[in-house]
Amino acid sequence: MNFLFDTSIDVSRRQFYVLAMGSCIGNLAGFIGNALIFGWNGTTIFCGICMLLMAAGSFIGIKKGQIRYASYLMIAVLSLVEFPTLYYIYQTGTIVYMVLAMVAIAIFIPTGNAIRFAGIVIVADVAAVILAI
């Protein structure tokens with residue numbers, strides 16, 4: 001874990017390490033939790049696919065050095081696919097996920113694009129929550 005605090009490593013790379021670890025650990029926990037609570041249903045398989053996408057994004061960023069593209073891919077999957085779909089499946093909106101998406105967008109996406117992307121994410125999240133009601 002020292003690599004997170006090693007100042008000789010570029011700060012954007014260290015931030016990506018946090019994104020990669022957080023998304024992989026969070027998706028693994030969600031996948032295991034769904035499997036234990038609901039069994040092997042469609043939601044569990046969906047969470048497993050999202051977990052694999054986060055692992056692939058992490059691999060692309062860390063091993064291939066494509067941090068920018070990997071972070072965009074991971075944030076897009078999380079904020080536009082996984083979170084809204086889970087809002088709809090579980091019939092609830094969880095503001096914590098929206099806040100996590102907004103923080104990731106603010107950190108990893110340049111300002112002009114971040115504002116547009118955040119607007120799209122908010123619309124997708126609100127639409128999913130409304131459809132879930």
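This is a predicted model: local features need pLDDT of at least 70, side-chain atom pairs count only at pLDDT 80 or more; totals for chains, interfaces and linings use all residues.
Helix α2 spans residues 42-63. The helix has 22 residues, and the distance from its first C-alpha to its last is 31 Å, close to the 32 Å expected at 1.5 Å a residue. Beyond the helix comes glycine 65, which has a positive phi, near 80 degrees.

The buried residues of α2 are Thr43, Thr44, Phe46, Cys47, Gly48, Cys50, Met51, Met54, Gly57, Ser58 and Gly61. They pack against two other helices, α1 (11-38) and α3 (67-90). An α-helix has 3.6 residues a turn, so residues three or four places apart point the same way. Threonine 44 lies within α2 and counts as buried because its relative accessibility is 0%. When residues up to four places away in sequence are left aside, threonine 44 touches Phe31, Asn34, Ala35 and Gly39.

Cysteine 50 is buried, its relative accessible area being 2%. The sulfur of cysteine 24 has that of cysteine 50 as its closest cysteine sulfur, and the separation of 12 Å is likewise too far for a bond. Cysteine 24 counts as partly exposed, at 23% relative accessibility.

Note on methods: Residues are numbered from 1 along each chain as its sequence is written. Side-chain values use heavy atoms; hydrogens and water are left out. Helices (H or I, at least four residues) and strands (E, at least two) are DSSP runs, numbered from the N terminus. Buried means under 20% relative accessible area, exposed over 50%, partly exposed in between (1.4 Å probe, protein chains only). Contact means heavy atoms within 4.5 Å. A disulfide is a pair of cysteine sulfur atoms within 2.5 Å. The expected span of a helix is 1.5 Å times one less than its number of residues.
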